[in-house]
Amino acid sequence: MLTGGEEKAREADVLKEHFGYDSFRPGQGELVGAVRAGRDSLGVMPTGAGKSLCYQVPSLLFSAEEAGVTIVVSPLVSLMNDQVSALVAAGVPAAFLNSQLSAAQQREVLARAGRGDYALIYVAPERLSDPRFVSFAQTTPIAFVAVDEAHCVSQWGQDFRPAYLGIGPFIASLPARPVVAAFTATATPRVADDIVRLLGLRDPVRVTTGFDRPNLHLAVEQLSEKAKLARIAAYALERPLDSGIVYCSTRKQVEQVEQALLSAGVAATRYHAGLSVDERNANQRAFVADDAFVMVATNAFGMGIDKSNVRYVIHHNMPGSLEAYYQEAGRAGRDGEPADCLLFWNDSDIATCRFFIEQETDNSALSDEERGLVRVSQRRRLAAMANYCMTTECLRSVILRYFGEKRDGADGDAYCGNCSNCEGGIDAVDVTTTARSVMRCVHELRGRFGKGVFADVLTGSKQAKIREWGLDRARTYGIVDEPTPVVKEIMELLVAGEYLEVSEGRYPLVGLGPRAREAATDEFRLYMKRKKKPASGVKGSAKAPTKQPKAAKAAAVLETDEQRELFERLRGLRKQLADAEGVPPYIVFSDAALRGMCVVLPRNDEEMLSVSGVGPAKLKRYGRAFMDEIAARPLA
Ligand code: ADP
Ligand code: ZN
């Protein structure tokens, strides 16, 4: 029996030896420790937090002790191949079992697994009921079962996979019960309860890590449809060698944006459910291999994309919820290096989302009442998303508050210094008085009209219909001295803050929302976001102190032209090696590791090992080639 200290030391050795990292990230140490102590575990960590290591490190230790193999259940057949390549490159004996392998290959994998050749095997959930796999599992010691994307077991999530329901019974059928750990990025209590119950976790250790991703630069911009295209093309052209994803809400938009990028000379590709499986796979491979730098896609793309060096994620349209947004945007910067998350939106995005919520008739399994409840919660989620677009607060604070976390600010209202609102490119215009007038008007007219009519009444429109309906005699007629579009925007702000609500139906009516009462209190304030006018002088209402973003200190920063030039050469070498081995470039080394090399300029093994992301396994495999390239620095 190892003492706690010895065990920790061995975990740290494995982390350095195989993965080249000096320390665990938040949550990883707790989860690895729990699993090693024989406790079932549930890890809730956002995308990019590093869930994989939480089962990979224990698997190596179990295997070294001959305690048995680790089974990793993963829903994504396309991903297993890459993950296993990455592990093998890191000196971890691993294999996968899924429908991509022939029957003979599967038999081979199982035979080798039976001999103890692998520390871990990835399996698709469907495999668990395959008779050959069942008999393997009955006869081979299994130390540990890790369930990735565990929320797929829950019907409450969007990604429900019926085959996941077979995992619990599979585990229960094993001759000796292994340690079981489940991992997900979905944080709602309902899904977590489902995971514990349906997978049969026994008194699990629950670890939830922060949803803050300090290296992500968050930004929102209100743009017309046309301006979006030009903005995206210009953005991509400025960084031609960076990988990025552009999310669109429809297939048609995917085609348009891809065309715009291609004609601007950007190496773009596309992904949506309307393409053939072959094209989808080919395009995805091109993106992962850095042959195409920009992926334009619907939300069908991404779950299980393990590319760590995505430098930006642009949303061409506003998604329907912050959950969806943060998950998609979170695919940027998984290597911990600075990355951009840009959200482009306009009013029509909100209208489209609203339309989809009211149109939804797909949930045929639900009763009318349940459907009504689903709609209410969808509307709330949309309001929060729209609020993110319109708020003048720190964007990071808004997200973290939404996920139930507080930013560790000194005085409650915190500024991250790394989002478009904190950077102060905006003015917060106080529109409280107009907002109060809007609330009074909606109250007076009892929510019987749409946004346009309310705006007409408030601004004192002379239109015939206003007179015919007697609305010119309303007490709130003409009490607002703002242009109609501004009044409409303030109404959207009020909806986003849940002070007002937009009803369902073809003619959405505006009524009082759940927080309407708060708008009548003295504390109520509403701010509208305005781009700062360049000529407006120094005053402004920017309250944000200019702070250095946290990410800057963590990552090696390339300061000189020589370093940047070397980085490009190392990137070229990485691509060559990756192509020769048929693996994605980030599997050879992460961008962060390359950057580290540019700063450290390692000349021997020891110096190479001091670079974060370089461990002995990778050193052996690739160290020489990279050190040669570094030594071959052209004379400046
Ligand atoms: P998740 O599955 O939670 O989305 P991954 O397991 O794919 O995240 O990890 C994301 C990235 O973070 C990977 O590139 C991984 O190598 C890196 N990473 C994970 N753990 C560490 C660590 N302790 N130190 C440095 N980088 C890490
Ligand atoms: Zn901020």
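How are the donor residues of the zinc ion (ligand 2) spaced in sequence? The pattern is C-x21-C-x2-C-x2-C.

This is a predicted model, in which local features need pLDDT of at least 70, side-chain atom pairs count only at pLDDT 80 or more, and totals for chains, interfaces and linings use all residues. Residues are numbered from 1 along each chain as its sequence is written, chains are lettered from A and ligands numbered from 1 in the order in which they are written, and side-chain values use heavy atoms, with hydrogens and water left out.

Select ligand 2 first. The SG atoms of C394, C416, C419 and C422 lie 2.3 to 2.4 Å from the zinc ion; donors are N, O and S atoms within 2.8 Å of the metal (3.2 Å for Na, K and Ca). Angles of 102 to 120 degrees among the 4 donor atoms make the site tetrahedral (four donors, all angles between 85 and 135 degrees). C419 is buried at 0% relative accessibility, and C422 is buried at 3% (buried means under 20% relative accessible area, with a 1.4 Å probe and protein chains only).

Next, select E492 in helix α19, residues 484-496 (helices are DSSP runs of H or I, at least four residues). E492 counts as buried because its relative accessibility is 5%. Beyond residues up to four places away in sequence, E492 touches I350, R354, M390 and K451 (contact means heavy atoms within 4.5 Å).

Finally, select Y388. Leaving aside neighbours within four places in sequence, its contacts include L218, Y325 and I399.

Key: Four donors count as tetrahedral if all angles lie between 85 and 135 degrees; four count as square planar and six as octahedral if opposite donors are over 155 degrees apart and all others between 65 and 115; anything else is irregular. Buried means under 20% relative accessible area, exposed over 50%, partly exposed in between (1.4 Å probe, protein chains only). Helices (H or I, at least four residues) and strands (E, at least two) are DSSP runs, numbered from the N terminus.
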